[in-house]
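This briefing is for a reader who is new to the structure shown below. It begins with the protein as a whole and then goes through its parts by topic.

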Amino acid sequence: MEFSSKLLENAVNEVSRLPGIGKRTALRLVLHLLKQPKEHTKFLTDALSQLRSDVKSCKKCHNISDTILCDICSNPNRKEEIICVVEDIRDVMAIENTGQFRGLYHVLGGKISPIEGVGPQNLNIDSLVEKVQNGEVKELIFALSSTMEGDTTNFYIFKQIEKYKVITSTIARGISVGDELEYADEVTLGRSIINRIPFEQSIKG
Ligand SMILES: [Zn+2]
């Protein structure tokens with residue numbers, strides 16, 4: 001792509017680093033911004049810089065938060081002894097949208113994936129095991145996507161906490177195998193939390 005302006009080229013290059021954005025789309029977005037009033041670009045860059053500098057990870061559940069404890073963890077009406085284990089904030093948002101879960105979450109920050117070089121040590125697993133060890137947890141609900149990586153991660157955690165005798169369940173497989181949680185519709189996802197099944201039963205297949 002030949003550019004008449006180095007400034008334009010730089011902006012397009014930066015935007016095209018985003019996932020799913022090719023050079024053509026980046027050019028279209030940048031040209032769109034150029035046609036808008038200047039403050040639109042400023043709002044966008046301010047929002048992104050402020051996010052980067054001020055955003056926190058909740059001390060308790062590792063969810064993305066503006067405060068040390070996120071809104072869910074600091075809500076006294078949530079049942080803190082029931083913890084739903086998810087991969088990332090998109091899953092928290094999907095489950096919250098169903099309105100069917102009143103416990104807390106634990107955000108792992110990914111799934112175990114040897115191919116992508118993600119091992120248990122790269123995820124927030126130790127802090128989850130600690131919560132179980134400390135007796136803070138009565139029930140753990142595994143709500144990872146039903147992919148091989150999701151299953152491996154569930155099983156790894158299950159092995160770590162098995163001896164502590166907490167109730168473990170996994171969301172019912174109304175979620176199709178291989179589906180990412182965030183794409184499930186709210187009714188299906190809501191129902192799969194209500195109809196969760198004991199984890200041990202799920203691995204016996
Ligand atoms: Zn939290």
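**Overview**

Among contacts in the protein between residues at least 6 apart in sequence, 55% join residues at least 24 apart; two residues are in contact if their C-beta atoms, placed from the backbone, lie within 7 Å. This is a predicted model, in which local features need pLDDT of at least 70 and side-chain atom pairs count only at pLDDT 80 or more, while totals for chains, interfaces and linings use all residues. Residues are numbered from 1 along each chain as its sequence is written.

**Whole protein**

- The protein has eight helices and seven strands; helices (H or I, at least four residues) and strands (E, at least two) are DSSP runs, numbered from the N terminus.
- Taken along the principal axes, the box filled by the C-alpha atoms is roughly 65 × 35 × 35 Å.
- Of the 205 residues in the protein, 28% are buried. A residue is buried if 20 or more other C-beta atoms lie within 10 Å of its own, exposed if 12 or fewer, and partly exposed in between, with C-beta atoms placed from the backbone.
- Domain 1 covers 6-54 and domain 2 covers 77-204, with bounds that come from an automatic or database domain assignment.
- The C-alpha centres of domain 1 and domain 2 lie 35 Å apart.

**Residues 58-73**

- UniProt, in an unreviewed entry, lists residues 58-73 as "zinc finger region: C4-type". UniProt positions are given in the numbering used here, feature names are shortened, and annotations may be inferred rather than shown by experiment.

- Five strands form an open sheet with mixed pairing, in the order β4-β3-β5-β6-β7. Two strands pair if DSSP finds at least two bridges between them.
- β4 and β7 (197-198) are at the edges with a single partner strand each, so one side of each has no neighbour in the sheet.
- Strand β3 (residues 79-86) pairs with strand β4 (residues 103-107) in the parallel sense, over five bridges. In this pairing, L104 of β4 is the bridge partner of I83.
- β3 also pairs in the parallel sense with strand β5 (residues 139-142), over four bridges. Here V85 stands opposite F142 in β5.

**The β-α-β unit**

- β3, helix α4 (residues 89-98) and β4 make a right-handed β-α-β unit. A crossover is right-handed if, with the strands pointing away from the viewer, the path from the first strand over the helix to the second runs clockwise.
- The buried residues of α4 are I89, D91, V92, A94 and I95.

**The largest nonpolar core**

- The largest nonpolar core has 31 residues. Such a core is a set of buried Ala, Val, Leu, Ile, Met, Phe, Trp, Tyr and Cys residues joined through C-beta atoms within 7 Å.
- At least two residues of this core come from each of β3, α4, β4, α5 (126-133) and β5.
- The residues with the most contacts inside the core are C84, V85, V86, Y105 and A143.
- Leaving out residues up to four places away in sequence, V85 touches H106, L108, L128, L140, I141, F142, A143, L144 and I157.

- K79 is in strand β3 and is exposed, with 12 other C-beta atoms within 10 Å. Not counting residues up to four places away in sequence, K79 touches R102 and G103. K79 and I197 are 118 residues apart in sequence and 19 Å apart in space, C-alpha to C-alpha.
- M148 belongs to helix α6 (residues 148-161). M148 is partly exposed, having 14 other C-beta atoms within 10 Å. From M148 to Y164 the separation is 16 residues in sequence and 25 Å in space, C-alpha to C-alpha.
- S192 lies in helix α7 (residues 186-194). S192 counts as buried because it has 22 C-beta neighbours inside 10 Å. S192 and A143 are 49 residues apart in sequence, and their C-alpha atoms are 9.3 Å apart in space.
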